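Trainee: I'd like to learn how to read a helix and its aromatic rings in a model. Could you walk me through it?

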Amino acid sequence: MTDKKKVLVTGVSGQIGTIIRLRLGDRYALSGIDLVGVDDVPCVVADLADLAAIQPAFENMDTVVHLGADPNPRASWESILKNNIVATRNVFEAARLAGVRRIIFASSNHAVGFYPLKQEPYKAVYDGRIGEVDWPIAPLTTDLLRPDSDYGVSKAFGEALGSYFHDQFGISVICLRIGWVMTPDDPSFSPAALSLWLSHRDVAQLIQKSVDASPSVGFTVVNGESANVLSIWDIESTRQILGYEPEDGAGDTWTTKPDSPSII
């Protein structure tokens, strides 16, 4: 029996980190880094902005799943710089120094967020003007870039950094433009959420497919959404590159709630 792959998860106590621990904990030898510890996997408590403090966690790892960041699209530039840009550079550098073979970077739909916020017909989907949309529409592909915030810029930075670390150092880097993972796992509160939804089950599969992808996957950027009726995102390339087959999909009806989260 082969040994389990050693997978380090940054931001291991967060929403997606918790999903990974619950759904993939038996598949891999997981460990983590976060500002707070967890009880079910070995965890280094450290700030990703401190390169020296995080380096020991990377030793002997096969793959790093980099989730740790300030996840708020409205976060201050100071927080984005420290937690999303400096921290991401530190994670990539620590992985390089430790000889890690693959980094999976949690990018975001916010790297292209101004397409659906400003440009038709994508904006009509987000606004819920579904009757105005002439389906099918050309999906948003990962060669596009149109950040909607400093947060979106930080995710574009991470993708560019991944390209550089692959070309310069030979590390496989898979960037996942994650749609919207939410708890409760129910997107039926808005049309934007229905379009962006990435279910807990599907995000676990997406991570698993990325960890287990062939070494021939050198550098790539792929979208991560479930098979949603209102999708405006290209996931065909995700299927082709990673073998991802979403098990869930949102419909096209929603009920607006006053306390629902906003996409921006």
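Mentor: Happy to. Buried means under 20% relative accessible area, exposed over 50%, and partly exposed in between. Keep in mind that this is a predicted model.

Trainee: Which residues of helix 6 are buried?

Mentor: Among them are Tyr-151, Gly-152, Ser-154, Lys-155, Leu-161 and Phe-165. The buried residues of this helix pack against helix 3, strand 5, strand 6 and strand 7.

Trainee: What span should helix 6 have, and how far apart are its end C-alpha atoms?

Mentor: Its 20 residues, 150-169, should span 28 Å at 1.5 Å a residue, and the end C-alpha atoms are 27 Å apart, which agrees. Just after helix 6, Gly-170 takes a positive phi of about 80°.

Trainee: And how do I read the rings?

Mentor: A pair of aromatic rings is described by the distance of the centres and the angle of the planes. The structure holds six such aromatic pairs. Because Phe-92 lies in helix 3 and Phe-165 in helix 6, the pair ties together parts 73 residues apart in sequence.

Trainee: Is Phe-165 buried or exposed?

Mentor: Phe-165 is buried, at 0% relative accessible area. Phe-165 also forms a tilted pair with Phe-169, 5.0 Å centre to centre and 55° between the planes.

Trainee: Why are those two separated by about one helical turn?

Mentor: Because Phe-165 and Phe-169 are four residues apart in helix 6. An α-helix has 3.6 residues a turn, so residues three or four places apart point the same way. Phe-169 is partly exposed, at 34%.

Note on methods: Residues numbered from 1 in each chain as written. Predicted model: local features only at pLDDT ≥ 70, side-chain atom pairs only at ≥ 80, totals over all residues. Heavy atoms only, no water. Expected span 1.5 Å × (residues − 1). Buried < 20%, exposed > 50% of the residue type's maximum accessible area, 1.4 Å probe, protein only. Contact = heavy atoms within 4.5 Å. Phe/Tyr/Trp six-rings, centres within 6.5 Å; stacked < 30°, edge-to-face > 60°.
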